[in-house]
Amino acid sequence: MTVDLNLVSVFLAVAEAKSFRGAAERLGVTRSAVSQASRRMEDRMGVALVQRTTRSVNLTEAGVQLH
């Protein structure tokens, strides 16, 4: 499996901000771009990395281990 460092940087921004909005602001992109990148990374890895709710984003156990 090849590692896309852009996706990794998005994941790290989400993990540290604990929100797509905060990650988007930090990276200078839209929330939608952050969400899509997170989904692509999860799809490539075959595991959920973040648990999404309408109010927050939390790392799953796999997300914690990756972080």
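**Close-up views of a predicted model**

**View 1. Ser-35 has its place in helix H3.** The model shown here and in the following views is predicted. With a relative accessible area of 27%, Ser-35 is partly exposed, because this value falls between the limits of 20% for buried and 50% for exposed residues. When residues up to four places away in sequence are set aside, Ser-35 touches Phe-20 and Arg-52. Phe-11 lies 24 residues from Ser-35 in sequence, and the two C-alpha atoms are 9.6 Å apart in space.

**View 2. Glu-42 is a buried residue of helix H3.** Its relative accessibility is 6%; Glu-42 therefore counts as buried, the cut-off being under 20%. Leaving out residues up to four places away in sequence, the contacts of Glu-42 are Val-47, Ala-48, Leu-49, Val-50 and Arg-52. Glu-42 also belongs to the lining of the largest cavity, which is the subject of the next view.

**View 3. The largest cavity is lined by residues that include Leu-7, Met-41 and Glu-42.** The count comes to one cavity of 30 Å³ or more, and the volume of the largest cavity is about 30 Å³. The lining is made up of Leu-7, Val-10, Phe-11, Ser-38, Met-41, Glu-42, Leu-49 and Val-50. Helix H1 (5-17) and helix H3 (31-45) are the elements that give two or more residues to this lining. Six of the lining residues are nonpolar, one is polar and one is charged. Glu-42 is a member of the lining and counts as charged. Two further lining residues, Leu-49 and Val-50, are among those that Glu-42 touches.

**View 4. Lys-18 is found in the loop between H1 and helix H2 (20-27).** Although Lys-18 is not a glycine, it has a positive phi of about 55°. The relative accessible area of Lys-18 is 53%, so this residue is exposed, the cut-off being over 50%. Lys-18 and Leu-59 are 41 residues apart along the chain, and a distance of 8.1 Å separates their C-alpha atoms.

View 5. From the N terminus on, its elements follow the order α-α-α-β-β-α. Taken along the principal axes, the box filled by the C-alpha atoms is roughly 30 × 20 × 15 Å. The radius of gyration is 11 Å, which agrees with the value near 11 Å for a compact globule because the protein has 67 residues. Of these 67 residues, 27% count as buried, Glu-42 being one of the buried residues. Among contacts with a separation of 6 or more, 39% are between residues 24 or more positions apart. The protein exposes about 4600 Å², of which carbon and sulfur atoms supply 50%.

Key:
Residues numbered from 1 in each chain as written. Predicted model: local features only at pLDDT ≥ 70, side-chain atom pairs only at ≥ 80, totals over all residues. Heavy atoms only, no water. 1 Å grid on protein atoms, 1.4 Å probe; cavity = no way out; pocket = protein on both sides within 12 Å on 5 of 7 lines; lining within 4 Å. Points joined across faces, edges and corners; volume = space filled by probe spheres on them. Helix = DSSP H or I, 4+ residues; strand = E, 2+ residues; numbered from the N terminus. Rg over C-alpha atoms; globule rule 2.2 N^0.38 Å. Buried < 20%, exposed > 50% of the residue type's maximum accessible area, 1.4 Å probe, protein only. Contact = heavy atoms within 4.5 Å. Areas by Shrake-Rupley, 256 points an atom, 1.4 Å probe, with all protein chains shown as cover.
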